[in-house]
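Visitor: I am new to this structure. Please show me how to read it, one feature at a time.

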Amino acid sequence: MIDLSKIRYRVIVMNENGNQYNIGDYVHNLGWEENENEIAMRSSFTAKNDKTSMGYLSGIIKPGCLIGIFASDGSSLDEEVARGYVETWNPVEKNSSNGFKCTCYDELYKLQKSQDNRYYASGTGTKSALESIFDDWGIPHGDYEGPNVSHGKTVFNNKYLSDIMLEMLDEAEKKGGGKCIIRASKGYVDVIKRGCNKTVYVFSVDNTQSLSQSVSTANLITRVKVVGKSDDDGMKSVDATLNGSTEYGIRQRIYTRGSDETLEDAKTAAQEILNGEGKIERKMTVQSPDVPFIRKGDLVYIMSGSVSDYYYVKSIQHNADVYSMTMELEKVEQESAENEKTEEKKEYNVGDIVNFHGGIHYVSSYPDSKGYNASAGKAKITKKNGSGKAHPWHLIHVDSESNVYGWVDDGTFD
């Protein structure tokens, strides 16, 4: 348990030469936020342009500088809670003093501002698709605890990279992969499951400024229709119709079945739409003293006269000047919580890097194909589910440690 009265902040700037300076005494209007449908964290502050031992502050803080925000709870806990690179540098001149405002974004901002054309072959895994974007944009990635389902052939033209990744995760969720978020931490980007925080903070009427609830059916989906390819006249076949809570009326969503997608997979995806959007929306807004260690995607517990339950943080704004924060929350549905806590079976897809255990690799996937010994090591999955079925995975070594280059059996890698 933390003592909110002992929360303290410090702000560190790293200049173009790699030197670090504590500028906390010169900063006010300090805040940072993570918003729904955005992947980058935004931070901002106003700095007095005073003269320091290293010169005026405006000569230290420049566009492109790295800013780190740290928080302490008065005990041993002192950690980085936000970071970003100065994107906007706005001088402010007043009669009494001069200063400037800075707006910063973390590593993921470049993906929100960059468009690209991306092609993914049928069978590409979610993890491989996302990590290829991080690698191409030079963003170090850390933990990947997100879904890794197999996607059909996918083409994105002139789309923002953040939208591409969110669409891939959304499709993976519809295929049963679970709800995950992308967020950066200490210079690395992670793809994590919601609610994976080890410390769950409890908020009640006694330790909050306000608790506001809303219940809405405005965005409710009650029916999903699965359609196939268009015929020569442009008409699409209706392959399946799944109903949800139709007592609220028919509010229909169309799911278009991919050219190489089975009907069963399409129906599973349609059911996931109903699971996610076929429920009454229950939201809560909480304003409270600041707990700077809470982030978007975290799990919190709310206790009030009308509710005692778990919620996910959908968006959060921290205001260090007045030691307060505002959270938009989404109620944890019991079925959703159980699904997300269930240990998923490991799924491998084209593009994944795996550890080959060593053994036989074959010249084809057919039962009577010739096989040769191959040494253990890291390899890349280049094909899956070969026509012959006997040896379903095609691996190619990625370094000199292994010499695997062929079709291998299930269970020969992890």
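Guide: Start with a definition: a salt bridge is a side-chain nitrogen of Lys or Arg within 4 Å of a carboxyl oxygen of Asp or Glu. Keep in mind that this is a predicted model.

Visitor: What is the general idea behind such pairs?

Guide: Side chains of opposite charge can pair when their charged atoms come close. In this model the count comes to 18 salt bridges.

Visitor: Which salt bridges does arginine 83 form with glutamate 80 and glutamate 107, and at what N to O distances?

Guide: With glutamate 80, the N to O distance is 2.8 Å. With glutamate 107, the N to O distance is 3.8 Å. Arginine 83 sits in strand β8 (residues 78-93), while glutamate 107 is in the loop between β9 (98-105) and α2 (109-112), so this pair ties together parts 24 residues apart in sequence. Shared partners join Glu80, Arg83 and Glu107 into one network of salt bridges.

Visitor: Are arginine 83 and glutamate 107 buried or exposed?

Guide: Both arginine 83 and glutamate 107 are buried. Glutamate 80 is buried too.

Visitor: Where in the chain are aspartate 136 and arginine 118?

Guide: First, the pairing: aspartate 136 forms a salt bridge with arginine 118, with the closest N and O atoms 3.0 Å apart. Aspartate 136 belongs to helix α3 (residues 126-136) and arginine 118 to strand β10 (residues 115-120), so the link spans distant parts of the chain, 18 residues apart. Arginine 118 has a relative accessible area of 10%, so this residue is buried.

Visitor: Now the nonpolar side. What tends to happen to nonpolar side chains?

Guide: In soluble globular proteins, they tend to be buried together. Here the largest nonpolar core has 42 residues, and Phe45 and Ile294 touch the most other members. A second, separate core of 24 residues includes Ile139, Ile164, Cys180 and Val189.

Visitor: Which residues is phenylalanine 45 in contact with, leaving aside neighbours within four places in sequence?

Guide: Among them are Ile23, Val27, Leu30, Ile61, Ile67 and Phe100. The contacts also include His28, Asn29 and Lys101.

Visitor: One last residue. Where is the place of aspartate 298?

Guide: Look in the loop between β22 (281-289) and β23 (299-303). Aspartate 298 has 7% relative accessibility, so this residue counts as buried. Its side chain reaches the backbone nitrogen of arginine 295 at 3.0 Å. Setting aside neighbours within four places in sequence, aspartate 298 has contacts including Arg183, Asn197, Tyr311 and Tyr312.

How values were computed: Residues are numbered from 1 along each chain as its sequence is written. This is a predicted model: local features need pLDDT of at least 70, side-chain atom pairs count only at pLDDT 80 or more; totals for chains, interfaces and linings use all residues. Side-chain values use heavy atoms; hydrogens and water are left out. A nonpolar core is a set of buried Ala, Val, Leu, Ile, Met, Phe, Trp, Tyr and Cys residues joined through side-chain atoms within 4.5 Å. Buried means under 20% relative accessible area, exposed over 50%, partly exposed in between (1.4 Å probe, protein chains only). Contact means heavy atoms within 4.5 Å. Helices (H or I, at least four residues) and strands (E, at least two) are DSSP runs, numbered from the N terminus. A polar contact is a pair of N or O atoms within 3.5 Å; within protein, one must be able to donate a hydrogen and the other to accept it, and residues adjacent in sequence count only if both atoms are side-chain atoms.
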